[in-house]
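Biologist: I have a structure here and some questions about it. Could you take me through it step by step?

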Amino acid sequence: MLHSVDILIIGGGSAGTTTAIFLSQLGYSVLLLTREEKVKQKIGESLSPFANPILKKLGVWDTFIADGHLPCYGNKSSWGKPQLDYYDFINHPLGHAWHIDRCLFEQRLMERAIELGVERINNSSIVNLDKVKGKWQIQIDQGTTTISAKFIVDASGRNHYWARRQGIKRLHDDRQVALVTFLTAKHLPLEDTSSLVEAVPDGWWYSALLPNGCLVTAFMTDLDLHQRPEILQKSGWYKLLDKTYFTAERIHDRYSFPDEQPLLVAANSSRLQNFYGEDWLAVGDAAMSYDPLSSHGLTMAMVSGRDAAQVISAQLNGDRQALDSYADQMYSAYSHYAAMRSQFYHSETRWPNFPYWLRRAKF
Ligand SMILES: Cc1cc2nc3c(=O)[nH]c(=O)nc-3n(C[C@H](O)[C@H](O)[C@H](O)COP(=O)(O)OP(=O)(O)OC[C@H]3O[C@@H](n4cnc5c(N)ncnc54)[C@H](O)[C@@H]3O)c2cc1C
């Protein structure tokens with residue numbers, strides 16, 4: 001079987017579906033090669049107010065509002081001092097943030113893409129790739145199906161599947177991981193929907209209420225500072241929680257530890273050495289991944305998808321500088337992010353001799 005399209009996108013997360021929608025709105029034929037998520041709940045639920053205008057351009061704003069995601073009116077943080085600061089989104093020009101049902105959110109983006117005519121092939125592995133007469137020829141399904149495409153987008157997240165196959169190096173600034181739990185409420189949660197960030201000697205905690213009433217918590221740390229089997233157990237997790245003050249107060253007596261073990265996932269900052277190659281480019285986390293402190297990963301994934309669609313269109317219309325300008329934008333976004341990250345980490349000075357903070361002092 002032969003599928004002939006203008007653009008093949010690998011990965012159906014926020015970056016992949018956003019790129020697909022914008023390309024489709026520009027009149028290109030698009031095929032999304034996706035992989036079924038193995039997890040029940042996807043990690044990363046805070047959506048910054050900067051996402052609001054993009055959701056409108058994608059044509060999903062009305063559905064988004066109807067879906068009942070939780071408005072988040074502020075962030076609380078104990079960072080650099082033992083008291084809580086409060087940032088109120090009333091000061092934000094684009095309004096409040098959101099705590100979203102991430103799976104539903106991505107399902108809606110996929111539905112929108114399909115409504116616009118984007119094709120989707122799920123759970124197929126690439127077995128061979130080649131370039132014939134200037135077009136990519138991608139064989140999937142043990143070679144029984146070939147996809148012919150003028151351009152490839154790597155939207156495969158931190159996996160950076162396509163870039164890896166092209167031999168592109170990934171540069172890692174650190175090795176941070178996140179220990180993530182989804183706690184269930186013992187009673188109907190009556191608390192506000194603020195995010196809570198709390199720094200501790202070995203890292204920092206994040207917690208937020210989800211639309212389904214669960215509380216997601218993530219402890220960002222370096223794995224070599226812990227015994228991996230221990231922190232994956234309930235008792236080890238509570239030992240870590242006991243080093244917090246505000247987070248423990250939020251959780252104790254209100255939320256139960258789930259039956260499942262906490263998840264351990266990469267949460268470091270990294271980027272590709274090159275964001276594009278001949279007739280391909282990377283978007284979202286495949287291109288660069290942010291420390292969750294920024295709370296901007298999803299928004300940046302969508303922004304890069306929007307920008308990539310413009311650049312691909314320009315490239316396909318003969319603009320030879322288009323990919324260079326995309327790379328310039330990405331380098332500049334990463335250096336802006338890196339400067340902000342340094343500022344944040346340098347403002348926590350309470351544990352200057354603890355390895356976690358010593359390492360971040362070098363950012
Ligand atoms: C602990 C943690 C907390 C976070 N919290 C937030 C937050 O609160 N707010 C926020 O904005 N950001 C947050 N982020 C970041 C955010 O999750 C990412 O930036 C975002 O998911 C990037 O979207 P993406 O589409 O680029 O990648 P992904 O969401 O990773 O999607 C990539 C997709 O590609 C698929 N895929 C991979 N390989 C292949 C392949 N070979 N073939 C086909 N498909 C493939 C994957 O299955 C996946 O569906 C957090 C990150 C972490 C680690």
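This is a predicted model: local features need pLDDT of at least 70, side-chain atom pairs count only at pLDDT 80 or more; totals for chains, interfaces and linings use all residues.

Biologist: How many residues surround the ligand?

Modeller: Apply that 4 Å cut-off to heavy atoms. The closest residues are Glu37, Ser46, Arg102, Asn159 and Asp285.

Biologist: Which element gives the most to the shell around the ligand?

Modeller: Four elements each supply at least two residues: α1 (14-25), β2 (30-34), α9 (284-287) and α10 (297-316). One of them gives three residues, the most to the shell. That element is α10.

Biologist: How far is a polar side-chain atom of arginine 102 from an oxygen atom of the ligand?

Modeller: A polar contact needs a pair of N or O atoms within 3.5 Å. A polar backbone atom of glutamate 45 qualifies, at 3.4 Å from an oxygen atom of the ligand. A polar side-chain atom of aspartate 285 also qualifies, at 2.8 Å from a ligand oxygen. For the side chain of arginine 102, the distance is 2.6 Å.

Biologist: What share of the ligand's accessible area does the protein cover?

Modeller: Take the ligand on its own. Its accessible area is then 990 Å². Of this, the protein covers 90%.

Biologist: Now to the strands. Is β11 largely enclosed by the rest of the structure, or open?

Modeller: A residue is buried when its relative accessible area is under 20%. Nine of the ten residues of β11 are buried. Therefore the rest of the structure leaves β11 largely enclosed.

Biologist: Which residue is the bridge partner of valine 5 in β11?

Modeller: Strand β1 (residues 2-10) runs parallel to β11. Eight bridges join these two strands. In β11, valine 5 is partnered by alanine 149.

Biologist: And which residue in β21 is the bridge partner of aspartate 154?

Modeller: β21 covers residues 280-282. It pairs with β11 in the parallel sense, over three bridges. The partner of aspartate 154 there is alanine 282.

Biologist: What is the phi of aspartate 141?

Modeller: β10 and β11 pair in the antiparallel sense over five bridges, and glutamine 139 has threonine 146 as its partner in β11. The two strands form a hairpin with four residues between them, and aspartate 141 is in the turn. Most residues other than glycine have a negative phi. Aspartate 141 is not a glycine, yet its phi is positive, about 50°.

Biologist: Is aspartate 253 buried or exposed?

Modeller: This residue also has a positive phi, near 70°. Aspartate 253 sits in the loop between α8 (246-251) and β17 (255-256). Exposed means over 50% relative accessible area. Aspartate 253 has 62%, so the word is exposed.

Biologist: What separates the C-alpha atoms of isoleucine 126 and tyrosine 356?

Modeller: Isoleucine 126 is in strand β9 (residues 126-132), and is buried at 9% relative accessible area. Residues it touches include Ile10, Leu33 and Tyr161. Tyrosine 356 is 230 residues apart from isoleucine 126 along the chain. Their C-alpha atoms are separated by 39 Å.

Technical notes
Residues are numbered from 1 along each chain as its sequence is written. Side-chain values use heavy atoms; hydrogens and water are left out. A polar contact is a pair of N or O atoms within 3.5 Å; within protein, one must be able to donate a hydrogen and the other to accept it, and residues adjacent in sequence count only if both atoms are side-chain atoms. Accessible areas come from the Shrake-Rupley method with a 1.4 Å probe; for residues, only the protein chains shown count as cover. Buried means under 20% relative accessible area, exposed over 50%, partly exposed in between (1.4 Å probe, protein chains only). Contact means heavy atoms within 4.5 Å. Two strands pair if DSSP finds at least two bridges between them. Lists of a residue's contacts leave out its neighbours within four places in sequence.
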